[in-house]
Amino acid sequence: MMVSTITRDAVRSLRTITQSDFAPILVVGLGDGTTLSHLLRDGYVNMTVVEASEEVIKAGQDSFADYGIIVRWLCSELQSAPIKPNRFALWLDGLLFDSLATPEEQLSYLRFMESRLRQGGVAVIATTTNIEQLISTNPEFTLELEEVDPSTYQQIGLIQEVNANHKLWALKQPTVIV
């Protein structure tokens, strides 16, 4: 079993991506709440959690009630969530992408994610899927793709328990300079 969790050191390293405590962050699936807890304790103040389970959303709202408007809670399937395009500086997904059953579902997810990342935004996804192959066979994607060294699991902490088949991918929306 895998558990999504981000360590405090990893949260601090995320600042190199977000450049600000105010940068919008999307947490895909609440899990046990550890990721959100670390982000909040380290000072991030603009987060959206998308979670399909009403029970998990309610438990999260109760657990994080002291944080009021800092967290926007969306009880929805990810691709049905009312999320504006070009919004997020950071997208964190430790489990959802891997649960998608077909390459078509995965491509749909990646298209949705790509449209919701702002210029220079980064998505971090842990998966057994070969995202590189998915993207390379679909030239419409503009994402810059980087496989993160497996030892980085401990540094980034997106996945607490991994097996040898998992890879961590960073997908970046290119910055366009005009």
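1. At 49% relative accessibility, D62 counts as partly exposed, a class that lies between buried (under 20% relative accessible area) and exposed (over 50%), with a 1.4 Å probe and protein chains only. K58 is likewise partly exposed, at 47%. The side chains of D62 and K58 meet in a salt bridge, with 2.9 Å from N to O; the term denotes a side-chain nitrogen of Lys or Arg within 4 Å of a carboxyl oxygen of Asp or Glu. Both residues lie in helix α3 (residues 54-63), four residues apart, or about one turn of the helix. Helices (H or I, at least four residues) and strands (E, at least two) are DSSP runs, numbered from the N terminus.

2. The model is a predicted one, in which local features need pLDDT of at least 70 and side-chain atom pairs count only at pLDDT 80 or more, whereas totals for chains, interfaces and linings use all residues. Residues are numbered from 1 along each chain as its sequence is written, and side-chain values use heavy atoms, with hydrogens and water left out.

3. The structure holds two salt bridges. Besides the pair in α3, E140 and R111 meet through their side chains at 2.8 Å, N to O. Because E140 lies in the loop between α6 and β6 (144-148) and R111 in helix α5, this pair ties together parts that are 29 residues apart in sequence. E140 is partly exposed, with a relative accessible area of 39%, and R111 is partly exposed at 37%. Side chains of opposite charge can pair when their charged atoms come close.

4. The largest nonpolar core has 26 residues. Such a core is a set of buried Ala, Val, Leu, Ile, Met, Phe, Trp, Tyr and Cys residues joined through side-chain atoms within 4.5 Å. Those with the most contacts inside it are L78, I83, W91, Y109, L110, M113 and L171. Two or more residues each are given by β1 (25-28), β4 (88-93), α5 (103-116), β5 (117-127), α6 (131-136) and β7 (167-172). Helix α5 supplies the largest share, five residues. Apart from this core lies another, of 19 residues, among them V49, I57, V71 and A170.

5. Leaving aside neighbours within four places in sequence, L171 is in contact (heavy atoms within 4.5 Å) with residues including L110, M113, V122, I125, I131 and L145.

6. Five aromatic pairs are counted; rings of Phe, Tyr and Trp (its six-membered ring) pair if their centres lie within 6.5 Å, with planes under 30 degrees apart taken as stacked, over 60 as edge-to-face and the rest as tilted. The rings of F97 and Y109 have centres 5.2 Å apart and planes at 65 degrees, so this pair is edge-to-face. F97 is buried at 0% relative accessibility, and Y109 is buried at 1%. W91, F97, Y109 and F112 form one aromatic cluster.

7. T127 has its place in strand β5 and is buried, at 0% relative accessibility. Its side chain makes a polar contact with the side chain of D98 at 2.4 Å. A polar contact is a pair of N or O atoms within 3.5 Å; within protein, one must be able to donate a hydrogen and the other to accept it, and residues adjacent in sequence count only if both atoms are side-chain atoms. The T127 side chain also reaches the backbone nitrogen of T129 at 2.9 Å.

8. N86, in the loop between β3 (71-75) and β4, has a positive phi, near 55 degrees. N86 is exposed, with a relative accessible area of 53%.
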